[in-house]
Amino acid sequence: MSKLYDEYRRLRWESALAQLRWLHSLIGPVIWPLAALAILLIFNIVFTDNFLKIVITDGRLSGYLVDIFRDGSAVMLVALGMTLVIATGGVDLSVGAVMAISAVVSASMVTPSWLESALGPWAVQMFENSFGMWLAVLIATSLIAALIAGAWNGFLVSVLRIQPIIATLILMVAGRGVAQLICEGQIFTYDVPQLAYIGKGTLIGLPFGVWLVGLMIMATYLLTRRTALGLMIEAVGDSDLASHYTGIRARTIKFLVYVFCGFCAGLAGLIESTNVSSANANQIGLWYELDAIFAVVVGGTALTGGRFLIFGTVIGALLIQTLTITMTIQKVPPEVALIPKALVIVLVCLLQSQTFRQKVFGRFKKKPAAALSAATPANSAGGEA
Amino acid sequence: MSNTPAEQAMLQVSGIVKTFPGVRALDGVDLTLRRGEVHALMGENGAGKSTLIKVLTGVHVPDGGEIRMDGKLIQPTSPRDAESQGISTVYQEVNLIPSMSVAENLCLGRFPKLVGLIRLGAAKKRAREALKRLDMDLDVSRQLSSYSLAVQQMVAIARALDTDAKLLILDEPTSSLDEQEVDELLAMMDRLRKEGLGILFVTHFIDQVYRISDRITVFRNGGFVGEYPTAELPRLKLIGKMVGKDVAALETQEADAKARHGRAVAGQTLVKAEGLGRRNTVHDVQFDIQQGQTVGLAGLLGSGRTETAKMLFGVDPADVGTIKLDGEQVSPRSPREAMRLGFAMTPEDRKAAGIIPNLSVRENIMLALQSRRGIWYRLSAKEQRELADKYIEALGIKTPDREQLVKNLSGGNQQKVLLGRWLAIEPRLFILDEPTRGIDVGAKAQIEKLVGELTEQGMSILFISSEMEEVARTSDRVVVMRDHHQVGQLEGEEVSEHAILNMIAKHDSSAGKEAVDV
C-alpha cells in the first residue's frame, strides 16, 4: 500500500519536473525580455489609470492592452521576417522601404485619377464595376511587389554574394524612390472602407491586423518548426560552408528568407497604410527596420546568425511597442522618448550576455553568505560588503 | 667561394626556443645561411618552419637562443624592425593591397614626401627602379590586381628588396602559381642569388627545392634534424628525415604491411576516375575504387590530395576527365549532388567545413539524412533521438548528452559526430579527408578500426591522411600524389610506407619499380 503510494508520489514528482523542464525550455531563452516586459507592465499598472481595463464598445475590445497589439502588429510582422533573415546571418535594412512600396501600390490602385493616367480607362471601369475582384487584384499586386523586392535582396545576397547590410541598403534607399515614382510624389488618401478593413476592421472583437499577424506567426512557426526548414536555416546561419558540405542548399535558403521577409514587410505596409487610409511614400514604415532588428535581437536571436526564436521576437516586438505606448501615456515628447527606449534595449541586450551577468551579478553573489553570517538583513548588507 | 663558413655565414641562428601554452614550437633549432645561396627549409606541418620565420621577422620573441646577422647579435621586435636589419619576407598570401597601384604598393609606408605630402612622381620613379632590379617592366600606375598572381608575387619581392634587404625569406611563394610562373620565379631567385643575396626558401614542393636550392635544413616537430648540401641528400632521405623514419626502419615495416595486405578484394568496381583534373589544382588523377575497398590517397601537404577529394565530392567539380559510378558516367557539381549519388565526405577542415558548432550533437548527426530527405519530410523528434543515440553509442562519442553543443566536444568526438552524420545516410563511397588530424591516439585507433569494419560491410572508403604510415596501414590500395599530379599507385603487397615515400621521391612522374638508391 505505502509502496504504491510512494510510487505514485514519485511519478507525480517526475511529471511535475518534466513540466517544469518544458516550461524552462520555453521561457528560459526569453527570460530577460519577458522580465523587462513584466516590469514595464507593472510600472504601467501602478502609474496609469485603467491600464488593464478592457471595455467592449460596438462589439470591439478596446483598452491599452489591445492598443499594444494593434499598434505593434506591423512591427511584429516585419520582425517576424527579419528573424529568419538574421538567423541566416544576414540583415534586411530595406523592410521600411518595402512597406512604403506595397502601401503606395495599394493606395494608388484605389485612386481613379492615377488609374486613368497610369493604366487607362479600363482600370477605372473595372475598379467601379467589379470592385470585389479589383480588391483581390490590388492586394495581390502590392504583395507581389513586396515579393519582388524581397527576391531582389535575395538575389544580391545569395547569388551575387554582396554583404547583406550593403545589399539591402540599396533597396532601403532606392525603394522609397521607387515608391515616389509610383505615386508621382503625391500622398494618396482614399475612402474605401473595404480596403481600410485590413488596418482598421474588427473581427470577433479584435483588430483584423492582429488576427493577420497571429496567423502569420502561427504559419511561420509551423513552416519552420514542423518541417526541417528551421534547422536548415539555423545550420546555414551558423556555418554556411559546413551546411553546403552537408548537402543543404544554403544559397536557396538564403534567397528564400529574403523573399519571405519582403512578403512580411509588404503585409505590414498594407496594414499600416489601410489603418490611416492613405499612403505617404516618405512616412510609411520609416525606421521600422530598426525597431524590427531591435525586436529580433532583444528576443534572443543573435545577429551572428544561427539559433532563432520566433516566440522571442514576438516578446521583443511587444516590449518595444509597450515602451512606445508607455512614453505616450507618460506624455514624454516623441523626440525624448527615444532615449529611454534605447536605454531599455541596451539593458535587455546586456542582460542576455552571460559575460555581463557574471561580471555584474558575480560580484553580488558572495554577499548573501556574508550577510547571513553577520546576521544582518540582506538589503542593508549591500552597503557594507 | 673558398672562404671559411664562418666568414660566409650571413645569418646564424642557434638554439632558438619558443614555447606556446602547451606546445614547444621550437626546441633549440639552428640555421646557418650564407651570402649568395638559396637555402631550403623543409619539414612537415607543425615542424616549426613558420614559427622560425615569425621569430626572424620579429613577430614572435624567442624564449631562448640567439640570432646573428653578419656576426652581430640582433633581436628583431617587429617586421619593420627586421626589415631595417636587412631581413625581408614575402608570405604565401600576397601581402599587398590589390586595389592600389603597383607604385603605391611598392612605396606604401615609405612614400617619398615633401612637407608631409606624397610626391607621386618620385614614388613612381622609385617603383620603376625597384622593378628594374628584377628585370621587370610594368606600368606602375596600373592597379595591382590587374596583373597575374605571379606578377603580384614578384612585386611583393620587389617591395621586400627595396629596403636594402640582405636576406630574403620566401614562405611558400609558389603555391598559387602555375608551372610557367614557377619557372619565372625560380629564375629570379637564381639572379638574386648571384647578386649576393641570401634566400631562405620555404616550400612543400620537393622538385623546386632540388631545382634551385644549394642547401637544405630539415626541421621536425620543432626540432633541428640537420643541414645538408642539396646535392648530397637524395630525395628519399630527405623525405625520411622530414617524416622521421630512417630508411632501414621503413623497410622492416614493409614486411609487416605485406601480411596485412594479403586480403584479396574481389568486389565490383564502384567508382572509376579517369584523367580527372581541374584548372590550377590537380591533373591526371585516375584510379578505381572497388566495393568494400579502402583506397588511400597519399602525398605530402599540398600535393593535391584534398583537391582530388573535393573534385569527387563536387565541392570544386572537375573540369576535365570523367567519374564513373557503377560504370555510368556521373558528374557531381555540388556536395548535394554527390550525396545523392551515395557519396559522403568528412572534410579536412573539420571546424570550418564540418561541424555546425552551435547546433547540438543530435542536430549535427541528423543533418545529412535530413538534408537528403528534404525540408518537408522532417525526422520526428523520436527518430532524431534514436538516430543520435545510435551513433553516440556505436561510435563511442563522449558527450554529456545528445543536446550538448558540438563546439564543446573534443576534436576526436567532433570527428565521430561527423562520421555518424554521414553513416546515417549509408553512403556507398565514404571520403575521409584527414579524419585523424589533431585527435588523440585512442580516437585515432577507433577511427581506423571503424574503417576496417565499414569496408567489411561493403562500403568503399577513400582514405586521405598526411601520415603515410596510417595510409599504408588502412588502405588496400594507395594512390600517390606529388606536386598536384598523380605519380603512381601501389596495390596489395606493394603497399608500405617505404614504397609510398619512395614513389613520392621519384624524379620523373612515370612511376617505375626501382627504388632510389639510398
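Biologist: How are helix 14 and helix 15 of chain A placed, in angle and axis distance?

Modeller: This is a predicted model. In it, helix 14 (residues 288-298) of chain A packs on helix 15 (residues 310-329) of chain A at about 125 degrees. Their axes are 7 Å apart.

Biologist: Which hand does the crossing of helix 14 of chain A with helix 15 of chain A have?

Modeller: Helix 14 of chain A passes helix 15 of chain A in a right-handed crossing.

Biologist: Which residues meet there?

Modeller: From helix 14 of chain A come Asp291(A), Phe294(A), Ala295(A), Val296(A) and Val298(A). From helix 15 of chain A come Thr313(A), Gly316(A), Ala317(A), Leu319(A) and Ile320(A).

Biologist: How do the residues of that contact divide into nonpolar, polar and charged?

Modeller: Seven are nonpolar, two are polar and one is charged. Asp counts as charged, so Asp291(A) is the charged one. Gly counts as polar, so Gly316(A) goes in that group.

Biologist: Now chain B. What makes strand 1 and strand 4 of chain B a pair?

Modeller: A pair needs at least two bridges. Strand 1 (residues 9-20) of chain B and strand 4 (residues 64-69) of chain B have five, so they qualify. Their sense is antiparallel. Leu11(B) has Met69(B) in strand 4 of chain B as its bridge partner.

Biologist: How do you know that strand 4 of chain B also pairs with strand 5 of chain B?

Modeller: The cut-off is at least two bridges. Strand 4 of chain B and strand 5 (residues 72-74) of chain B share three, so they pair too. Again the sense is antiparallel. Arg68(B) stands opposite Leu73(B) in strand 5 of chain B.

Biologist: What is found between the strands of that hairpin?

Modeller: The hairpin of strand 4 and strand 5 of chain B has two residues between the strands. Asp70(B) takes a positive phi near 50 degrees in this hairpin.

Conventions: Residues are numbered from 1 along each chain as its sequence is written. Chains are lettered from A and ligands numbered from 1 in the order in which they are written. This is a predicted model: local features need pLDDT of at least 70, side-chain atom pairs count only at pLDDT 80 or more; totals for chains, interfaces and linings use all residues. Axes are lines fitted to C-alpha atoms, for helices over the stretch in contact, and angles run from 0 to 180 degrees between N-to-C directions. Helices (H or I, at least four residues) and strands (E, at least two) are DSSP runs, numbered from the N terminus. A crossing is left-handed if the near helix is turned anticlockwise from the far one by less than a right angle, and right-handed if clockwise. Two residues are in contact if their C-beta atoms, placed from the backbone, lie within 7 Å.
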